[in-house]
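Have a look at the structure first, and then read on.

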Amino acid sequence: MKEKVLILGAGYAGSVVANKLAREFRKKIARDELEITILDRDDTSVNQGGFTFLPFGLYTPEDIIRKRKKLISPRVNTAFGDDGEVTSVNLNGKEVGVKSGKKYNYDYLVIAMGARADADAIPGLADELNTFYTSIEGATQVGEKIRKMDKGNIVVSVAAMPIPCPGAPVKFTFLLDSYLRNVMKNRDQFNLTLLWPMEPIGPPEFNKLVSGLLKEKNIEVKRSFPLGEVNASKKELTSKEGEKVEYDLLIAVPPHKPQAVLVDSGITDEKGWIPCDRTTLQYRSPSGNHDNVYILGDNGPADILKTGIGAHYQALVVSQNLTNDIYGNRTKVPYEGETGCPIITEMETPSSAGQAYIATWNYGVMPAPFKPTKMGWYIYRMYYYLHWDMSVKGLF
């Protein structure tokens with residue numbers, strides 16, 4: 001009897017799982033004993049990590065997009081558009097519905113549909129939404145607005161946590177400082193402010209490094225500033241506690257939530273995220289557990305950090321555990337919270353050396369003291385080209 005693996009979401013994590021399973025079970029697929037299907041509403045893959053660089057011309061849109069059919073193994077059945085846009089998920093019935101009306105059944109389900117920005121969650125934010133976080137177009141427009149300014153107050157606001165890649169706003173702020181200082185040559189005409197919704201910015205050593213550099217670069221930071229309201233006519237932000245900040249240009253990271261279809265299907269927790277075991281990544285809920293359903297990436301529970309590095313390790317774990325399931329053994333490879341955050345503190349220009357570092361940690365081990373380096377800058381820049389032909393295809 002043919003077994004079916006269904007993957008919801010053809011982003012990074014979902015594609016890695018599909019490609020690794022297709023390689024492992026190529027003989028089973030050829031004998032029609034196994035079917036792997038991946039669904040997504042879009043047939044274009046976007047490396048969202050590149051959004052941070054686009055405003056400063058460090059990558060072009062062409063650098064960070066690829067057609068998914070070129071990235072996903074031909075042994076995998078793909079459905080995009082109306083046949084791939086998920087409209088319902090029935091875990092008890094082992095059935096997924098899509099916009100075209102088609103139904104997909106499965107033996108094993110992987111949910112990797114990512115998170116969505118919800119600017120409407122903050123009154124007034126949608127009226128003043130300049131963000132590099134959600135699209136190529138948005139990131140490009142942010143860069144254009146920065147270049148049109150010759151002075152003023154630029155505020156980078158992280159509205160709330162959790163968000164995908166929580167270190168990206170800090171990275172963006174350092175890049176902005178470097179861009180104004182070394183490219184536009186007008187940094188002294190600007191006041192830069194970072195509004196952060198929590199007290200620490202990452203783990204202790206990460207927070208220590210970032211805090212020192214923010215002070216050194218004369219970037220004001222206001223911590224414990226969860227965004228409560230935006231008044232576009234007054235150019236004024238208000239925190240949930242009532243503190244106010246004025247701006248000339250607001251660059252915001254909106255609150256993020258899981259895809260609406262997951263909430264509507266009743267499979268999310270009280271915080272709106274999909275619950276799972278933090279180690280096995282199998283679905284766990286007070287209303288019922290499903291050992292054949294795996295959760296990975298940004299739509300997972302709030303207590304699993306949402307990073308690209310984390311999604312990479314989660315995809316490796318889920319791939320191996322699905323392999324074990326299909327072979328019929330009960331071995332479970334644990335996800336131990338492996339994650340990380342690339343930090344850039346200076347961009348490379350004719351007058352400055354790029355500086356970067358990729359801090360990593362897991363559930364039990366926080367990052368040791370570290371220092372960004374020029375080599376780190378080159379490694380990080382290089383990775384965005386390796387991403388397509390090595391990472392997404394599950395080759396490392």
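In which helix is the place of Lys27? Lys27 sits in helix H2, residues 26-30. The model is a predicted one, where local features need pLDDT of at least 70, side-chain atom pairs count only at pLDDT 80 or more, and totals for chains, interfaces and linings use all residues. Residues are numbered from 1 along each chain as its sequence is written, and side-chain values use heavy atoms, with hydrogens and water left out.

Helices (H or I, at least four residues) and strands (E, at least two) are DSSP runs, numbered from the N terminus. Lys27 counts as exposed because its relative accessibility is 60%; exposed means over 50%, buried under 20%, and partly exposed in between (1.4 Å probe, protein chains only).

Now for the surface patches. Lys27 gathers with Arg23, Arg26 and Arg75 in a patch of positive charge. A nonpolar patch, with about 800 Å² of accessible area together, includes Ile358, Met375 and Leu395. Helix H8 gives the most to this nonpolar patch, with six residues, while Leu395 is found in the segment after H8. Like charges are joined within 9 Å, and nonpolar side chains within 5 Å.

Next, the strands. S11 and S17 pair in the parallel sense over five bridges; pairing needs at least two DSSP bridges. Ile154 has Leu249 in S17 as its bridge partner. Both faces of S17 are covered, as the table shows.

| Face of S17 | Buried residues |
|---|---|
| One side | Leu249, Ile251, Val253 |
| The other | Leu250, Ala252 |

Terms used:
Patches are made of residues with over 30% relative accessible area and no salt bridge: like charges are joined within 9 Å, nonpolar side chains (Val, Leu, Ile, Met, Phe, Trp, Tyr) within 5 Å. Accessible areas come from the Shrake-Rupley method with a 1.4 Å probe; for residues, only the protein chains shown count as cover. A salt bridge is a side-chain nitrogen of Lys or Arg within 4 Å of a carboxyl oxygen of Asp or Glu. Lys and Arg count as positive and Asp and Glu as negative; His and the chain ends are not counted. The place of a charge is taken as NZ of Lys, CZ of Arg, CG of Asp or CD of Glu.
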